[in-house]
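Hi,

Here is the model I promised to send over. Have a look at it first, and then read my notes on the interface below.

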There are 2 protein chains.
Amino acid sequence: MVDKQRPDKQRVEKTRRKPGETRDKLMTAALELVGKGRHFASLGIREVTRQAGVVPTSFYRHFRNMDDLGLQLVDELGLVLRRMMREARANVLQADKLMEESVGIFISHVQANRSFFLFMAQGLAGESRAVQDGIRSEMRFFATELANDLRRLRLAEHLSDADLEMTCDLVVRSVAFSLTDLLGVSPEDDYQIDQVRKRTTRFLQLIFVGAAHWKSADLKSR
Amino acid sequence: MVDKQRPDKQRVEKTRRKPGETRDKLMTAALELVGKGRHFASLGIREVTRQAGVVPTSFYRHFRNMDDLGLQLVDELGLVLRRMMREARANVLQADKLMEESVGIFISHVQANRSFFLFMAQGLAGESRAVQDGIRSEMRFFATELANDLRRLRLAEHLSDADLEMTCDLVVRSVAFSLTDLLGVSPEDDYQIDQVRKRTTRFLQLIFVGAAHWKSADLKSR
DNA sequence: AAGTGTTGTGTACAAGTGTTCACTAATGTG
DNA sequence: CACATTAGTGAACACTTGTACACAACACTT
């Protein structure tokens, strides 16, 4: 039971020495387990180290506990989101297809980093408070960046800063919720995925129609 | 489930015999733990029975495993939601205050059933697939009921059924997301709670402004 | 070349885990 | 009333869990 896995040849030499090797292995292992349907909150140290092919004690060389590992995962999640944003900025050319293309990019990134987004969706509610706040702050950052882009593209000239920020906040939330739809269907179910894509796009369109008529329409109700 | 625990006198006699006594105690115990910050996915049978003041074996008299308990909690959650809907229907009189009042009712119900909604927010992403689907279907039901109400109140006459349904779906999602905001702040922090209330209300207003101008504005982009 | 900190390993242990089993008391049905 | 059913109990099982400790191999500086 101890060395169930060790099909290697010369791994038998006790220790290996790549820089953050084991650390990455542990984080990846946690993500793998999440990807397999486990909930992050239910993962244990031993379980993760087992999945990573590492002895339990090694865990403590890199993390204090599972929450700590979760926090570091949030940081990496931030990188993934920034990559996504960069790609969106580079690829969305005409304004009229802005939403379709953005949603498309989002969906393909989710597919490419399924476990990561699974972890994000899980962390949003529950889990350690720190992880929760981390994810929330990533979303805020995303929303303000989106607002900046819309300003830059002159697509929201009639909105006050506060109203624009609110709109973007709502956009990000809607997309984040679609995330849970997307993660609920199998990655091969192209039909369902397309349904999510269409629905999300229409949500965004509805929101922007609302934004376009915002000031003019409702001002009375505070 | 109603009266959480029973500081009774003559409990010392071995066994008691109320109908679903222990079953309710177990469900309540799970909710209590969730309310204390634990994540449902990380709860164990022994932990729950301990909190309920019951011997571990009793658990199996009522549930096959924790997922089963979760499923039954979803059912009760449905009742809570329906109560909320009924109250909203009874109390929302004038259409112009519709959103403020609805959001208010929502928030007060969340405060009154904090653990329940905590469980719901957690179950939305992650957890057993069955629980996830259950919650999702509760939300769908909620959305269609909302659509019916809006039809009945003649507040959405210019929208097609499909568009109305989409709008209500978006509304429910936005409110559900606000749920996680609300659960993130302490129940005594009235200022923050009011912030959430205002933000959520404005989200809904924005959505309905969009819905009001929907057909006319965007039809081309299918 | 020697020393120093870092990372990984093996062993160990006390607690906690899910589940089974045989038991007992209360309840509802005949 | 008798009796089958149900809902509770305690002891026992085979594991798994988090964490501690002492040690070994490597990567750095000196």
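In this predicted model, chain A and chain B bury about 3,700 Å² between them, with carbon and sulfur atoms giving 66% of that area (buried area being the accessible area, 1.4 Å probe, that two parts lose on being put together, summed over both). R173(A), F177(A) and L206(A) supply 20% of what chain A buries against chain B, more than any other three residues. The contact (heavy atoms within 4.5 Å) takes 39 residues from chain A and 39 residues from chain B.

There are 6 salt bridges between the chains, counted where a side-chain nitrogen of Lys or Arg lies within 4 Å of a carboxyl oxygen of Asp or Glu. One of them joins R173(A) to D181(B), at 2.5 Å from N to O.

Some housekeeping: residues are numbered from 1 along each chain as its sequence is written, and chains are lettered from A and ligands numbered from 1 in the order in which they are written. Local features need pLDDT of at least 70 and side-chain atom pairs pLDDT 80 or more, while totals for chains, interfaces and linings use all residues; side-chain values use heavy atoms, leaving out hydrogens and water.

Best wishes
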